[in-house]
Amino acid sequence: MLNKKWIIAITAKFFTKSLAPRVRFGYIINFLLLLSFLLIVISGICTSQALFPFAESKDSPWRNIHHFFSAISIILVGIHLGLHWNFVSNVK
């Protein structure tokens, strides 16, 4: 929510030709990261034996969902860092 103004501005321009492809791609990556993190949290809660002692987390489909989106998130974070590498390498 730190970039609320940017999110609103890019969302309004998303389907226009004036938006640079790199910005559109970054927006998509950020949106996929948000969805992925939400699914990691939800699936983590659903497989938590601390919250649900009766839950069988070893055979739960939520466990597979949790692992899948954790792996996807690592890939997406790498892409996100790559898109912002100039900024990351210039921070001192």
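This is a predicted model: local features need pLDDT of at least 70, side-chain atom pairs count only at pLDDT 80 or more; totals for chains, interfaces and linings use all residues.
Where does L35 lie? L35 lies in helix 2.

**The exposed side**

Helix 2 covers residues 21-47. A nonpolar patch sits on the surface, formed by I28, F31, L32, L34, L35, L38, I42 and W62. Together these residues have about 680 Å² of accessible area. Helix 2 gives the most to this patch, with seven residues. L35 is one of the patch residues. It has 36% relative accessibility, so L35 counts as partly exposed.

**The buried side**

S36 also has its place in helix 2. Is S36 buried or exposed? S36 is buried, because its relative accessible area is 1% and the cut-off for buried is under 20%. Leaving aside residues up to four places away in sequence, S36 touches F69, I72, S73 and L76.

The two residues can be set next to each other:

| Residue | Relative accessible area | Class |
|---|---|---|
| L35 | 36% | partly exposed |
| S36 | 1% | buried |

**Helix 1 against helix 2**

Two packed helices are described by the angle between their axes and the distance between the axes. Helix 1 spans residues 4-13. Its axis and that of helix 2 come within 11 Å. They cross at roughly 115°. The crossing of helix 1 past helix 2 is left-handed.

Which residues of helix 1 meet helix 2? They are W6, I7, I10, T11 and K13. On the helix 2 side, the residues they meet are V23, R24, Y27 and N30.

How values were computed: Residues are numbered from 1 along each chain as its sequence is written. Side-chain values use heavy atoms; hydrogens and water are left out. Patches are made of residues with over 30% relative accessible area and no salt bridge: like charges are joined within 9 Å, nonpolar side chains (Val, Leu, Ile, Met, Phe, Trp, Tyr) within 5 Å. Accessible areas come from the Shrake-Rupley method with a 1.4 Å probe; for residues, only the protein chains shown count as cover. A salt bridge is a side-chain nitrogen of Lys or Arg within 4 Å of a carboxyl oxygen of Asp or Glu. Helices (H or I, at least four residues) and strands (E, at least two) are DSSP runs, numbered from the N terminus. Buried means under 20% relative accessible area, exposed over 50%, partly exposed in between (1.4 Å probe, protein chains only). Axes are lines fitted to C-alpha atoms, for helices over the stretch in contact, and angles run from 0 to 180 degrees between N-to-C directions. A crossing is left-handed if the near helix is turned anticlockwise from the far one by less than a right angle, and right-handed if clockwise. Contact means heavy atoms within 4.5 Å.
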